[in-house]
2 protein chains.
Amino acid sequence: MLKKERQAYILRQVNLHNKVLSSSLSNEINVSEDTIRRDLHELAEDGRIIKVHGGALSHSFHDLYNPLGNIYLHDHKKIIAAKAASLIEDGMYVLTSGGTTILELARMLPPDLKATFVSGSLPAIVEYLQHPNIEVIVIGDKISKNSRITVGGEAIAKIGHIRADLCFLGVDAIHVQHGVSDSDWDVVQLKKAMIESSQKVVCLSIAEKTSTIKPVHVCPVGSIHTLITELPPGDPALQHYTNAGIEVL
Amino acid sequence: MLKKERQAYILRQVNLHNKVLSSSLSNEINVSEDTIRRDLHELAEDGRIIKVHGGALSHSFHDLYNPLGNIYLHDHKKIIAAKAASLIEDGMYVLTSGGTTILELARMLPPDLKATFVSGSLPAIVEYLQHPNIEVIVIGDKISKNSRITVGGEAIAKIGHIRADLCFLGVDAIHVQHGVSDSDWDVVQLKKAMIESSQKVVCLSIAEKTSTIKPVHVCPVGSIHTLITELPPGDPALQHYTNAGIEVL
DNA sequence: AATATTGTTGCATAAACTGGCAAAAAGTGG
DNA sequence: CCACTTTTTGCCAGTTTATGCAACAATATT
């Protein structure tokens, strides 16, 4: 059995049963547990499953139990969110994707800000709702369980009918040459539509992702106007972006 | 059983029943009480539950020094939710409104149920998302802040395009002569659309609301098929409804 | 206060993980 | 086809994690 074949099988099992045990997989496929472990490790690195002691869990299973993620990058994200929040002005229409950085932004919005936020990300919407002066518009469609965001033709069509002043994208990967990319096909379609519908596109990313690439391409860097990381604007690591004509904050 | 899996189970139990006993968990899952204690300890460290002598409590329970009245009604709602849950079958399309009774229903859905839920109620959607086998479709539109439900022409139009097998309405007021009524204009428009789009309409209401009237009319009792309260079906208080041809559960 | 239940601590064991190594298989480039 | 690299896989030794057990401390209950 080929490696890819085996991993595809594992992935199917995980999505089907929400969990797998290394030991049982080893029996089913007749390879050593070491190999299974390596497979699970790789799948987990790509974010396809959640590795745990003794096996692995599906995202949908794990998420419901672990809504608050790690905190080690939390500080970075707060810095990013604060910078992003400063771009929003009263009366604006703001389109946002999902992701933990966006969540942080939602929590950090000044209480007196009066703006309209449009999103399909459930966690983000829930945060926006806490805010006293923000209007929230929900993009409807079927929810993708692992990203907790509405995806599909309906959602894309709806976004197409919007003219937003500002669009915040929490990006999975960005690269000066290759542009913005992501690992979830459906989410990428949404992001593309959001970029189309916005006057100004702002990407939020932690610095360590600013030279990475993921499988699905979203847009070239030329399509975005502003990049926000936790680093100060002048940091040499971000020089390429400034050179490419991107505003770096 | 994996450790995380077990902890997820415990967490679910806590949120469902507001409390758990180490001893009963130990029996249910067949692990030693030591292990349960360790799990509870970890969950408590992450702030997900409140550890107490002999077991654990949910946050919501412990946080607010709940007025006793609420707990009393809470039990009623659980009874109602359980009855409602029994009506749902695999593969069904289910349309739901918002409200605390609906929330209770969402929490009580059996884990192996495979159905599609359509709703515009944010709290309800969040609950549905916790469920491993349920597909969730969001009705998009602007959110009404106090009811936390999407309302407006978009939402109504969208519901119009759906053919649901079942519709659960958490009702504010119902009366044999005057029918179902509510106090929020926007929400009423939605409920009307939901009733139109469903094969079968089920109203969930605590018994004390079954002879009340609110300002905005939703539909006559003839438009609903089933009424669920916390009382047993034969209760004299519900006799009018049975006489009016409504199925009472 | 007496008794029963629950917690705590330390320890033992088995299962799972880690990193390194080596052999087999597959791919590369003349 | 032959050397050579890379990938894949299994195995091993040492480490970590998960879990149950037992003895004792702390806390409820009557």
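**Figure 1. Surface near DNA strand C.** Helix 2 (22-29) and helix 3 (33-45) of chain A, together with helix 2 (22-29) and helix 3 (33-45) of chain B, each supply at least two residues of the surface near DNA strand C. Helices are DSSP runs of H or I with at least four residues, strands are runs of E with at least two, and both are numbered from the N terminus. A residue is near a strand if its C-beta atom, placed from the backbone, lies within 6 Å of it. The model is predicted: local features need pLDDT of at least 70, side-chain atom pairs count only at pLDDT 80 or more, and totals for chains, interfaces and linings use all residues. Residues are numbered from 1 along each chain as its sequence is written, while chains are lettered from A and ligands numbered from 1 in the order in which they are written. The residues surrounding DNA strand C include Ser22(A), Arg37(A), Ser22(B) and Arg37(B). By class, this surface has no nonpolar, eight polar and four charged residues; Ala, Val, Leu, Ile, Met, Phe, Trp, Tyr, Cys and Pro count as nonpolar, Asp, Glu, Lys and Arg as charged, and the others, Gly among them, as polar.

**Figure 2. Surface near DNA strand D.** DNA strand D is surrounded by 13 residues, of which the closest are Ser32(A), Thr35(A), Val31(B), Ser32(B) and Thr35(B). Helix 3 of chain A and helix 3 of chain B each supply at least two residues of this surface, and helix 3 of chain A gives the most, with three residues. The surface comprises two nonpolar, six polar and five charged residues.

**Figure 3. Contact between chains A and B.** Chain A brings 28 residues to the contact and chain B brings 26, where two residues are in contact if their C-beta atoms, placed from the backbone, lie within 7 Å. On the side of chain B that touches chain A, helix 1 (3-17) of chain B gives the most, with six residues. That side has 13 nonpolar, four polar and nine charged residues. Strand 6 (residues 135-138) of chain A runs antiparallel to strand 7 of chain B, joined by two bridges; strands pair if DSSP finds at least two bridges between them. Val138(A) stands opposite Asp141(B) in strand 7 of chain B.

Figure 4. Most residues other than glycine have a negative phi. Asn18(A), in the loop between helix 1 (3-17) and strand 1 (19-21) of chain A, has a positive phi of about 70°. Asn30(B), in the loop between helix 2 and helix 3 of chain B, has a positive phi near 60°.
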